[in-house]
Amino acid sequence: MPQRAPVAVALRPPDPDRAARLAGLAGLRVVSDALAADVLLAEAMPPDRKEAPEARPGEVPVLVLAEGAAALAALRAGARGVLAPEAPPAQLEAALVALARGLAVLPPALLPALAGREPAPVEAGLTRREREVLDLLAAGASNKVIARRLNLSFHTAKAHVASVLQKLGASSRADAVARGARAGLVLL
């Protein structure tokens with residue numbers, strides 16, 4: 001299979017530290033001219049500033065590093081992708097490559113707001129172990145498989161599943177996975 005050329009990325013505002021980190025990724029190359037870029041990587045601007053880069057039809061796609069309301073505002077302003085500012089390098093590289101290929105990058109937690117619905121309420125946060133159990137539920141694992149994979153007793157695994165269902169307000173395992181996916185807790 002032929003090797004693809006690295007994706008050209010321009011930074012707005014310019015950031016020498018981020019440029020150095022991006023230059024270390026094989027699938028990317030940093031350029032200073034936005035017109036020569038395949039993707040524009042931008043920091044989220046405070047709402048009172050008007051210099052935030054906006055995507056326009058036919059122009060370079062914009063990936064904005066933002067969370068919450070700032071991420072939603074960036075998408076509504078025309079950004080084709082949003083990623084958390086502390087995203088790991090591999091995730092950032094994948095997002096930039098995806099945008100260069102014409103795809104969009106959206107955090108699961110923003111999908112309900114973009115669709116005009118409120119996210120599924122999660123009354124209490126899940127513990128690390130409960131998140132692991134939810135991931136295994138999403139993979140279709142039974143209580144016996146969950147117990148074996150997490151090195152737990154069957155009864156402890158069953159208790160964790162019950163706790164996940166209760167915290168998500170779910171009536172079944174499938175409902176828990178659906179609610180977890182809507183809340184951005186699990187990717188399907």
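1. A cavity, as the word is used here, is a set of grid points where a 1.4 Å probe fits but cannot get out, and a residue lines the cavity if one of its atoms lies within 4 Å of such a point. Please keep in mind that this is a predicted model.

2. With that in hand, let's look inside. There is one cavity of 30 Å³ or more, and the largest cavity has a volume of about 40 Å³. Its lining is made up of Leu-11, Arg-12, Pro-13, Asp-15, Arg-18, Leu-41, Ala-42, Glu-43 and Leu-65. Two elements, β1 (7-12) and β3 (39-43), each give two or more residues to this lining. The largest share, three residues, comes from β3.

3. Five of the lining residues are nonpolar and four are charged, while no polar residue takes part.

4. Next, the open space. The largest pocket holds about 520 Å³. Its lining has 20 residues, and those closest to the centre of the pocket are Leu-83, Gln-91, Leu-106, Pro-107 and Pro-108. The elements α2 (68-76), β5 and α3 (89-100) each contribute two or more residues to the lining. Of the elements, α3 gives the most, with three residues.

5. The make-up of the pocket lining is also worth a look: 16 residues are nonpolar, three are polar and one is charged.

6. Strand β5 deserves a point of its own. This strand covers residues 81-83, and Gly-81 lies in it. Is Gly-81 buried or exposed? Gly-81 has a relative accessible area of 0%, so it counts as buried. Beyond its neighbours within four places in sequence, Gly-81 is in contact with Val-62, Leu-63, Val-64, Leu-75, Leu-99 and Val-105. As for Ala-66, 15 residues away along the chain, its C-alpha atom is separated from that of Gly-81 by 9.9 Å.

7. Last, have a look at Asp-175, which sits in helix α8 (residues 173-182). Why does Asp-175 count as buried? Its relative accessibility is 17%, and buried means under 20%. The side chain of Asp-175 reaches the backbone nitrogen of Ser-171 at 2.9 Å. Leaving out neighbours within four places in sequence, Asp-175 is in contact with Gly-169, Ala-170 and Arg-182.

Methods. Residues are numbered from 1 along each chain as its sequence is written. This is a predicted model: local features need pLDDT of at least 70, side-chain atom pairs count only at pLDDT 80 or more; totals for chains, interfaces and linings use all residues. Side-chain values use heavy atoms; hydrogens and water are left out. Helices (H or I, at least four residues) and strands (E, at least two) are DSSP runs, numbered from the N terminus. Buried means under 20% relative accessible area, exposed over 50%, partly exposed in between (1.4 Å probe, protein chains only). Contact means heavy atoms within 4.5 Å. On a 1 Å grid over the protein atoms alone, a cavity is a set of points where a 1.4 Å probe fits but cannot get out, and a pocket is an open set with protein on both sides within 12 Å along at least five of seven lines; lining residues have an atom within 4 Å of a point. Grid points are joined across faces, edges and corners, and a volume is the space filled by probe spheres set on the points. Ala, Val, Leu, Ile, Met, Phe, Trp, Tyr, Cys and Pro count as nonpolar, Asp, Glu, Lys and Arg as charged, and the others, Gly among them, as polar. A polar contact is a pair of N or O atoms within 3.5 Å; within protein, one must be able to donate a hydrogen and the other to accept it, and residues adjacent in sequence count only if both atoms are side-chain atoms.
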